[in-house]
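My notes are below the structure.

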Number of protein chains: 2
Amino acid sequence: MKLKIQYIDIDLDVLIISSKDASKLEILASSIIKLTSGEKNLSGRVIKTSQVVIPGVIGIPSSMTGIFAPDEIVDVVSIHSPENKRIIDKFLKSNMSLSEEEIKSLVTGISNDSLTPIQTTAFMLYHHFKQVDIKEVEMLAKSFADSGNRITWKSPAYDKHSIGGVPGNKVSLLIVPILAAAGLLTPKTSTKAITSASGTVDTMGVLAEVDFTPDEVMEIANKTKGIIISGEKLGIAPTIDKVITNAGYPLGLDPPSLILAGVISKKIAMGIDFMVLDIPVGKGTKFVESDGRVFGRTFVDLAHAVGISAKCGITYGDVPVGHTIGPALEAREGLSTLIDPSSGPNSLIEKSTSLAGLVIELAGIANRGQGQSVADDILRSGKAYKKMKEIIEAQGGDPNIKPDDIELGSYTMDIVAPANGWVIEIKNRALTQIARASGAPEHPGAGIHLLTKKESVKKGELVARIYAHSEHALEEVRAQVAKLQPIVIEGLLLGTIS
Amino acid sequence: MKLKIQYIDIDLDVLIISSKDASKLEILASSIIKLTSGEKNLSGRVIKTSQVVIPGVIGIPSSMTGIFAPDEIVDVVSIHSPENKRIIDKFLKSNMSLSEEEIKSLVTGISNDSLTPIQTTAFMLYHHFKQVDIKEVEMLAKSFADSGNRITWKSPAYDKHSIGGVPGNKVSLLIVPILAAAGLLTPKTSTKAITSASGTVDTMGVLAEVDFTPDEVMEIANKTKGIIISGEKLGIAPTIDKVITNAGYPLGLDPPSLILAGVISKKIAMGIDFMVLDIPVGKGTKFVESDGRVFGRTFVDLAHAVGISAKCGITYGDVPVGHTIGPALEAREGLSTLIDPSSGPNSLIEKSTSLAGLVIELAGIANRGQGQSVADDILRSGKAYKKMKEIIEAQGGDPNIKPDDIELGSYTMDIVAPANGWVIEIKNRALTQIARASGAPEHPGAGIHLLTKKESVKKGELVARIYAHSEHALEEVRAQVAKLQPIVIEGLLLGTIS
């Protein structure tokens with residue numbers, strides 16, 4: 001369709017078309033259109049109006065002045081792809097498997113916004129309602145990997161990845177330096193917390209920079225062997241993040257096939273050869289144990305199919321790892337444990353060394369069953385802390401930072417035991433919600449310090465301290481604590497009979 | 001959150017908020033927010049920006065000047081309902097049935113846009129992937145009915161409704177006057193064609209007005225007994241239309257539970273007491289015969305549950321009804337058949353009188369099996385035509401209009417038989433697509449006239465004539481005809497062996 005350019009004083013990055021022309025072009029809500037005139041072209045999200053422009057005219061924000069002349073006639077097409085409409089039809093209605101080309105087309109469509117939000121949501125729900133189809137997930141993972149930057153290494157690259165769900169899971173802060181100290185190239189990427197209180201990136205962000213270009217990452221990793229950085233800014237498999245942000249998060253959905261495709265695609269893009277996947281199971285995690293095992297089996301098969309040698313560790317996820325939740329608190333705890341492992345919490349050390357041990361076994365440095373003791377030796381010898389200092393420095397942080405240097409939120413609330421008794425339940429989801437209410441991860445100093453975990457307590461004893469970034473956040477924390485009862489203490493007297 | 005009003009020169013009906021404030025308010029894409037200051041309030045769709053307004057400020061289009069003072073501080077809340085998020089969670093993740101209150105809350109959310117398009121899509125896909133739950137559909141239908149205007153009558157009201165899928169299905173143009181002539185109050189509402197080439201409203205729109213207020217409808221119907229009007233402007237059960245427009249149509253989905261809830265809700269809102277549902281089955285329709293029968297059984301049960309006495313007619317839908325597709329062509333054919341039934345196509349007369357007969361039996365005017373002959377008598381006696389003239393006049397049309405007065409598109413293309421043979425297939429979907437390419441239903445004169453249906457033809461004989469509204473549309477028609485081969489003619493010589 002030929003339309004005439006009209007510049008419009010609107011500070012929005014959209015193209016404006018009359019409803020009449022929009023219906024002729026079969027434009028749906030938030031389609032992408034492409035304007036062409038000779039060699040010049042411009043694509044963008046379109047909005048319909050029956051007021052701002054008349055039929056025959058296409059409105060462009062004044063900020064885009066210079067691309068076309070005012071009143072210039074341009075050719076307008078909707079790049080809302082009919083091919084993708086057909087593909088979505090195929091999987092929604094006929095329930096037929098998609099070909100590699102079709103999957104690529106959808107991923108490209110999500111990537112360049114030519115898939116509408118409604119179509120992306122359909123894609124998400126299809127995966128939610130259907131069984132995992134391994135072949136389809138493999139093709140999906142490859143397409144996601146191809147949608148962004150890819151990094152290749154001269155030597156084999158190792159990785160440990162944790163499926164979310166357990167608060168306080170700061171194990172990467174120990175595992176990466178252990179593996180790097182063992183001589184294994186470990187380029188660990190992670191994402192910021194979306195629903196949790198602190199992602200590895202948020203925690204590491206307290207100690208060093210986490211955003212680097214692919215070239216910087218290769219330079220640092222080739223020197224230190226280990227890095228702990230954000231994958232987002234690095235541009236690896238960005239399309240899966242888009243699916244999750246646009247459709248998964250708003251609906252609170254995280255279908256297994258997309259978790260699988262997401263993890264594998266990031267590892268392909270990062271050039272990972274060997275990896276261990278940590279699958280926490282239990283209350284408040286993504287899986288019950290039996291489902292976690294099935295997921296792990298599928299993951300290993302998939303990894304092999306794309307040339308990654310993988311193992312899964314099913315881990316206990318009923319309670320937080322270590323005693324802290326929130327970026328600064330977790331960075332403190334991770335750093336303390338590296339400096340003086342004998343003072344660190346058992347759960348953190350045990351989990352970190354066992355997962356690191358599995359990677360060490362994959363690398364052939366230790367025999368099966370011997371990896372954990374190698375990892376433990378590296379941690380307790382101080383080599384892991386030394387390596388962490390190198391990594392922090394290479395990532396632009398202060399290598400000599402001490403745990404106490406790390407600032408915490410200045411508004412606090414204490415939870416004390418109401419009676420003598422035992423801590424019989426620590427609710428993961430409630431703790432995450434409260435830590436987020438306190439301001440984590442946006443405010444690094446916010447979070448929860450658990451002073452005890454599943455132990456007997458005396459009346460009045462401090463069970464947890466919550467750090468918030470403002471009085472207002474603290475008020476919200478108080479309300480949430482009262483409502484969610486995150487720590488359940490059962491009195492010694494369990495009941496009376498009379 | 002407290003924000004300061006800033007008027008902005010944007011001709012769009014949106015409220016503009018900084019991305020920072022948006023994330024604090026947990027605003028998702030296209031959420032609704034509500035601004036309040038004392039007694040004054042304003043709700044609207046919100047867009048996020050990192051450019052147009054700074055944090056602490058809420059931008060309002062200048063067109064809304066007068067509601068708040070510039071720089072006035074208002075309280076801003078997201079009315080993206082957390083309750084609805086919980087309900088969607090419940091049906092997506094736990095697959096649990098919803099309560100009446102929960103269904104009402106969702107329908108209200110769709111109605112006032114506090115459900116995001118993504119959530120509405122999830123609602124659509126839930127129904128697409130799940131089995132029909134009769135109790136849930138019943139509650140849904142009642143909620144949809146409550147979401148708009150409701151009409152009540154002093155005497156019992158009758159209706160015939162056809163499930164879409166068959167092109168040329170102009171039976172309402174005969175059935176309504178037949179029933180009204182039989183003394184039955186028949187307030188027939190319909191919708192404009194969305195995916196078909198002509199809805200009853202589009203066809204009737206050629207002969208008379210179709211948009212009336214509830215009061216006008218009651219006045220007309222109490223006089224003529226029959227009306228054939230649009231339900232859209234009447235505001236009956238508008239929320240189901242919104243679901244279909246916003247999520248069903250973009251994805252090409254039409255789940256049985258929403259078809260059921262949609263039809264029943266419109267009938268509840270229109271105060272219908274007795275109805276016949278026409279379920280066409282076969283190629284290119286919504287159902288194969290066995291599914292159509294199951295759907296019909298469910299429909300009857302549902303109708304009874306909401307107090308409507310219903311029957312279903314399973315009808316043959318492999319080929320178009322009558323010989324014409326498109327508003328003007330269908331209006332011509334319907335009118336001709338009313339004026340001189342002996343000249344009308346058998347398929348149209350047979351289908352119309354059999355469905356009208358079922359309604360007549362429901363009304364107790366004829367015994368079981370006798371209804372069709374009563375309907376046929378009314379049609380052939382000329383009483384139906386006389387009634388149709390009354391209806392056309394009451395709806396503001398010319399009662400003396402003759403079929404030839406109705407204008408057709410002036411650009412035509414003929415399809416002729418390439419050889420002696422038989423018409424062995426007439427493809428419903430292809431015909432609909434070609435009729436739409438010709439300009440129907442937007443351009444009433446556009447459409448297809450089938451000169452023959454399943455008969456033997458001679459080489460060069462005219463098989464169909466297509467009317468388009470422009471040379472450009474005709475070009476598109478030519479391309480579609482070549483690609484879709486809508487009419488398959490098999491030669492007398494079926495093959496040779498040598």
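**Strands.** I kept in mind that this is a predicted model. I started with strand E4 of chain A, residues 40-49. Strand E2(A), residues 15-18, pairs with E4(A) in the parallel sense, over four bridges.

Next I checked E3(A), residues 32-37, which runs antiparallel to E4(A) with six bridges joining the two. Here A:Ile32 has A:Arg45 of E4(A) as its bridge partner. I then looked at the turn: E3(A) and E4(A) make a hairpin with two residues between them. A:Gly38 sits in that turn, and I noted its positive phi of about 60°.

**Helices.** How do the axes of H12(A) and H15(A) cross, and at what angle? H12(A) covers residues 327-339 and H15(A) covers 383-394; their axes come within 8 Å and cross at roughly 135°. The two helices are therefore oblique to each other. On the H12(A) side I found A:Leu335, A:Leu338 and A:Ile339, meeting A:Ala384, A:Tyr385, A:Met388 and A:Ile392 of H15(A). I sorted that contact by class and got seven nonpolar residues, no polar ones and no charged ones.

**Cysteines.** How many disulfides does the structure hold over all chains? I found zero. I also looked up A:Cys312, which counts as partly exposed because its relative accessibility is 23%. For B:Cys312 I wrote down 23% as well, so B:Cys312 counts as partly exposed.

Technical notes. Residues are numbered from 1 along each chain as its sequence is written. Chains are lettered from A and ligands numbered from 1 in the order in which they are written. This is a predicted model: local features need pLDDT of at least 70, side-chain atom pairs count only at pLDDT 80 or more; totals for chains, interfaces and linings use all residues. Side-chain values use heavy atoms; hydrogens and water are left out. Two strands pair if DSSP finds at least two bridges between them. Axes are lines fitted to C-alpha atoms, for helices over the stretch in contact, and angles run from 0 to 180 degrees between N-to-C directions. Angles under 35 degrees count as roughly parallel, over 145 as roughly antiparallel, 65 to 115 as roughly perpendicular and the rest as oblique. Contact means heavy atoms within 4.5 Å. Ala, Val, Leu, Ile, Met, Phe, Trp, Tyr, Cys and Pro count as nonpolar, Asp, Glu, Lys and Arg as charged, and the others, Gly among them, as polar. A disulfide is a pair of cysteine sulfur atoms within 2.5 Å. Buried means under 20% relative accessible area, exposed over 50%, partly exposed in between (1.4 Å probe, protein chains only).
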